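Thanks, everyone, for making the time this morning.

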Amino acid sequence: MKVKKAIIPAAGMGTRVLPASKAVPKEMLNIVDKPAIQYIVEEAFASGIEDVLIITNRGKGAIEDHFDHAFELEAKLEGNESKKKIYDDVMQCSNFGNIYFIRQKETKGLGHAVLCAKSFVGDEPFAVLYGDDVIISENPVTKQLCDAYEKYGKGVVGVKEVPGMAITKYCSLAVDKLEGNCYNCTDMIEKPSPEEIMSNFSILGRVVLPPEIFSILENTPLGAGNELQLTDAMRTLAQTKGVVAVDYDGTRYDMGNKFGILQANIEVGLNHPETKDELKAYIKKIAKDLD
């Protein structure tokens, strides 16, 4: 079955990037010339998704405004040939496709955020694009996962290997090779102790889930941080029906992390046509000064 719907949880408070996120949603922090969440929305639609639900909460109105028309600005830019590209870029923000919003009135974990989308999803498979994770790739990562879902008919998790003991900050998966970059996953655990590590593969940023995940979430007890953890529900899915883990092709930036934000701006800036030459020269200069 084709995956046509996606949800983007964007209700977190952004405590790791304070004070930048005190008045501005962390999802609206820029990577060069676009807010982080725009990269995620673009990925969803480039993957064949038709309907996107962004889950927000109080103080996140700037996200809705970004994907709406700004008539005064558009009118000022329209017809000015020297600003045609800027006009086109501004118009694109309000013309991506069907984008909907719902508030998670209490931040009770990623699993709770996903559960808020139950009526939106209905009886269909759906993608979850984590709001903190911008992933740059030629073949959109969500499409890589959707292709795997359509091929194997199981829930799909996007994974990468996490180095060393850093895995204890993420989740750990029990996997065995299926084919190519795909693995059977039969178990997983959130924030494992060293003794609980099953592999260095961890879910990072993207999953595609069947609709039965909602009934699992409704019967999943609160987990780490006294919150409803999506990983706990996906663990039940893995242990019962199994899921497919895809070691996706793409570069992930953690936009809930100060260093991740710096990485994203430098690396994307080095490939941006308007900034790459100046940025490259600047990096060479400061690297020389540091020697």
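By a salt bridge I mean a side-chain nitrogen of Lys or Arg that lies within 4 Å of a carboxyl oxygen of Asp or Glu. Please keep in mind that what you see is a predicted model. With that rule, the count comes to 16 salt bridges.

Let me start with the network, in which Arg16, Lys26, Glu27, Lys60, Asp132 and Asp254 are linked by salt bridges. One of the pairs here is Asp254 with Arg16, whose side chains meet at 3.2 Å, N to O. This pair joins distant parts of the chain, since Asp254 sits in strand E13 (residues 251–254) while Arg16 belongs to the loop between strand E1 (5–9) and strand E2 (30–31), 238 residues apart.

Now to another pair, Arg206 and Glu43, where the salt bridge has an N to O distance of 2.9 Å. Again distant parts of the chain are linked, with Arg206 in strand E11 (residues 201–209) and Glu43 in helix H1 (residues 36–46), 163 residues apart. Are these two side chains buried or exposed? Arg206 is buried, with a relative accessible area of 1%, and Glu43 is buried too, with 7%.

Finally, consider Glu190 and Lys191, which form a salt bridge whose closest N and O atoms are 3.4 Å apart. In this pair Lys191 is partly exposed, its relative accessible area being 48%.

Terms used
Residues numbered from 1 in each chain as written. Predicted model: local features only at pLDDT ≥ 70, side-chain atom pairs only at ≥ 80, totals over all residues. Heavy atoms only, no water. Helix = DSSP H or I, 4+ residues; strand = E, 2+ residues; numbered from the N terminus. Buried < 20%, exposed > 50% of the residue type's maximum accessible area, 1.4 Å probe, protein only.
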